[in-house]
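Have the picture ready, take your time, and try each exercise before you look at its solution.

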Amino acid sequence: MKKSIAGLLLAAGLCLMLTGCQGEAIALPLAGEVEAIQGENLAGEPVALTEAEDIAAVMEVLSTGRSTGRESVQDAPLTEPYGSLTLENQGGETLLYYYEERGATLVEQPYTGIFRLEGSLEDLLAQLA
């Protein structure tokens with residue numbers, strides 16, 4: 001009896017540990033509140049999005065961001081090339097940098113953290129241009 005209770009507790013603990021390893025989500029303004037997205041892509045070309053559909057598409061990709069566990073301790077990424085996006089809304093602005101590393105798109109929120117996206121932000125921005 002004691003072994004089965006100990007086994008159940010061990011299994012429950014493992015489940016909690018595994019679900020906790022998914023990483024925290026990136027902190028973003030609500031998609032409906034973003035009025036414009038300005039910035040530069042990886043090639044240094046300007047990005048300017050004001051259409052609600054375009055903004056929603058970018059916000060959908062950004063919302064997949066999960067923490068890598070790495071910290072952002074600079075005003076801008078140390079890696080190059082990188083792109084930048086400023087999400088503009090009535091409450092202010094949210095500045096994000098993004099770059100590609102080992103086949104993944106990473107988003108860096110200065111002094112907050114580094115997040116891995118599902119999908120390519122650069123490809124989406126090229127489609128919307």
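The exercises below concern this predicted model and go from the sheet to single residues.

**Exercise 1. Work out the order of the strands in the open sheet, and find which strands stand at its edges.**

Solution. 
- Step 1: Go across the sheet strand by strand. Seven strands form it, in the order E2-E1-E4-E5-E6-E7-E3, and their pairing is antiparallel.
- Step 2: Look at the two ends of that order. Strand E2 (46-49) and E3 each have a single partner strand, so one side of each is left without a neighbour in the sheet.

**Exercise 2. Describe how E5 is joined to E4 and to E6.**

Solution. 
- Step 1: Take E4 and E5. They run antiparallel and are joined by seven bridges. Glu88 stands opposite Glu93 in E5.
- Step 2: Check the link between these two strands: E4 and E5 form a hairpin with two residues between them.
- Step 3: Move on to E5 and E6, which pair in the antiparallel sense over five bridges. Here Glu100 has Thr105 in E6 as its bridge partner.
- Step 4: Inspect the turn. E5 and E6 form a hairpin with two residues between them, and Arg102 in the turn has a positive phi of about 50°.

**Exercise 3. Find which strands helix H2 and helix H3 lie across.**

Solution. 
- Step 1: Helix H2 (residues 52-62) lies across E1, E2, E4, E5 and strand E6 (104-109), and runs at about 70° to E1.
- Step 2: Helix H3 (residues 121-128) lies across E2, E4, E5 and E6, running at about 115° to E5.

**Exercise 4. Is Asn41 buried or exposed, and what does its side chain reach?**

Solution. 
- Step 1: Locate Asn41 in the loop between E1 and E2.
- Step 2: Asn41 has a relative accessibility of 11%, so it counts as buried, the cut-off being under 20%.
- Step 3: The Asn41 side chain reaches the backbone nitrogen of Ala43 at 3.0 Å.
- Step 4: Leaving aside neighbours within four places in sequence, the contacts of Asn41 include Tyr82, Tyr98 and Glu122.

**Exercise 5. How many salt bridges does a search of the whole structure find, and which parts of the chain does the pair link?**

Solution. 
- Step 1: The search finds one salt bridge. Glu101 forms it with Arg70, with the closest N and O atoms 2.8 Å apart.
- Step 2: Glu101 is in strand E5 (residues 92-101), while Arg70 is in the loop between strand E3 (66-67) and strand E4 (83-89). The pair links distant parts of the chain, 31 residues apart.
- Step 3: Look at accessibility. Glu101 is partly exposed at 21%, and Arg70 is partly exposed at 36%.

Definitions and conventions. Residues numbered from 1 in each chain as written. Predicted model: local features only at pLDDT ≥ 70, side-chain atom pairs only at ≥ 80, totals over all residues. Heavy atoms only, no water. Salt bridge = Lys/Arg side-chain N within 4 Å of Asp/Glu carboxyl O. Helix = DSSP H or I, 4+ residues; strand = E, 2+ residues; numbered from the N terminus. Buried < 20%, exposed > 50% of the residue type's maximum accessible area, 1.4 Å probe, protein only. Pairing = 2+ DSSP bridges. Contact = heavy atoms within 4.5 Å. Axes fitted to C-alpha atoms, helices over the stretch in contact; angles between N-to-C directions. Polar contact = N/O pair within 3.5 Å; in protein donor to acceptor, adjacent residues only side chain to side chain.
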